[in-house]
Amino acid sequence: MEETLERSPQVSNVHSVRIVEPGQEAKGLSSRPFFLVTGLVLLLIGTALRVYHLGNRSLWYDEAATANASRGTWKYVLERTRQFSAPVVHPYILYLAEKVRCDAVAVRVPSVLASLLAVVVMLAMVRVKVSQNAALFSAAILAISASQIRYAQEVREYSLTVLCATILIFCLLKWEVSASRDDHPLLLYAALFIAPLIQYGLVVFAIAILSTIVLRLLLTRDTSFSPPKVLLALACLVAGTVLSFILTARYQFKPGGTQWYLAANYFDPKTTTLLQFLTANSKGLLGFSITGRVIDLCVLVAGIIFCVAQGLARKYDTITLLLFTSVPITMCAAVARVYPYGGIRQCIFLAPVLALFAGLAFADLLQRLKGSLQTAATVALMAIIVISLYRGVLKEWPYREIEDTQSVLRELAKGMTPSDQVWVNHDAVEAFEFYQPIKDPRFIYGKFHSDAKLYVPDLFGSIHPHSDRLWLVFSHLEQRSDRAEEQLIVESLRSEWDVHSVVAPTNTELYVADRKITSINNGGAHVTTGPKTKAIVTSRLVGHGTNRGTTL
């Protein structure tokens, strides 16, 4: 190792686990044919896990809203995107995808491809002096983690975020091992510029990338990094951030406002101590990024040994520096209530650095073994990683329904008649508009009201006076307030309608309401009437023994 470092002074402060020595190519899983075969197998496993049931799960609210926003003109896409919480790159990719096809599979394919490309880029880390064992372990984590599979099947920007974060890491290492100080890291400049246009959290990660470069400059003079190029990289990040703010963020940002479901991911001194907050959310981040109890424990043990070894040698791997800048910066953002921190999709940009750090730690641990023992331990560890992650997939089951709109649509198709009306509550409108792009005049799409009591007059005002049957669709029923809103609307009908639930799949519910009828005697005829509806007259014809009905 010392001989190799002497020949390559520019990487003298790179930890030994990232240097691929000629003599080590055949050890562990590091022979080139074995690396290629194992990498291909991981890609095939990752592909199978991502395309499984790809179009079966219903698009939930966020997915449907994103897909619907990408229809129309470029100006329309931008205007609709400003109403959500995402930048513009992913919606415009969807815009192109929906020009080809417009169904659940088509709008999810970009996320699938981005997720698989992230695995490919992780395998390509061998081109920037990451050992083959480390690259394989890291790729396995990205390929089989439940969170990666779930967001690879979601019509959101999160898989694209993982891809961009992985590319940023690749560009960082490529610049570090560059043979020339004069070459500009053009790919890194481009990635830093586009990152804020993909996901706002990538701004945090990009700052960590630049902070890592600055730390490397402070720790050693013998590096390919140079202050002028760092300033140029910073300028690219600032330019991308400003553009993203002008296009979307200024319309979406609400000072002091946080979503209810992210309350636990912002530090609140009234509810917890700082230590409890950081401990609980760091544990959540690890479990979210690398799903599996056994592998989580292995990562913790190997990571501690890896960090201690670097501390004793006073040589710090760049990925270790990146991990210990990106995570604390995100923590600080959560403490300042600027950005959430924890095991949530908003922090998925940290998954690649966690995966690569784990891969490096495992490879470093195995490098201490000799001969056939190292090979056996490497194969055993890969098996543990794959099995533990797969068990995590079975436990988390990323294919489960979030809002089962398709079950509701099937029930409507079976039970509706041409004279029925369907009232779709505002939270279900996006999914119905996606699955039924041609609007059916029988469907009434409700609008959002901040005061739930306003839904009642809105509903009654939309019912046709001659309608005897009304279907009600509710979705996005995750909070108590959503359920309370649902019950308020349903109970308001009971005085004039017989209402009962037809089906209640995951976070959705379908009701049917039949208008109540009243009966009065009118001489020899029995007249049945209902409020604001037609009368049905039935007379008994004596001597014929039959009943005939006449509709007036």
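Okay, so when I say two elements touch, or are in contact, I mean heavy atoms within 4.5 Å. Helices (H or I, at least four residues) and strands (E, at least two) are DSSP runs, numbered from the N terminus. Angles run from 0 to 180 degrees between N-to-C directions, with axes fitted as lines to C-alpha atoms, for helices over the stretch in contact.

This is a predicted model, where local features need pLDDT of at least 70, side-chain atom pairs count only at pLDDT 80 or more, and totals for chains, interfaces and linings use all residues. Residues are numbered from 1 along each chain as its sequence is written, and side-chain values use heavy atoms, leaving out hydrogens and water.

Let's look at the sheet. Which order do the strands take? This open sheet has 5 strands, going β2-β1-β3-β5-β4, with mixed pairing; two strands pair if DSSP finds at least two bridges between them. At the edges sit β2 (443-445) and β4 (497-503), each pairing on one side only. On average, neighbouring strands are turned by 20° against each other, direction ignored.

Now zoom in on β1 (residues 421-424) and β3 (residues 469-475): they run parallel, joined by 4 bridges. V424 stands opposite V473 in β3.

What packs on the sheet? Helix α18 (residues 405-415) does, touching β1, β2, β3, β4 and β5 (508-515). The direction of α18 makes about 170° with that of β3. Then there's helix α20 (residues 455-462), lying across β1, β2 and β3 and running at about 155° to β1.

Last stop: helices α9 (residues 158-176) and α15 (residues 318-335) pack at about 135°, axes 11 Å apart.
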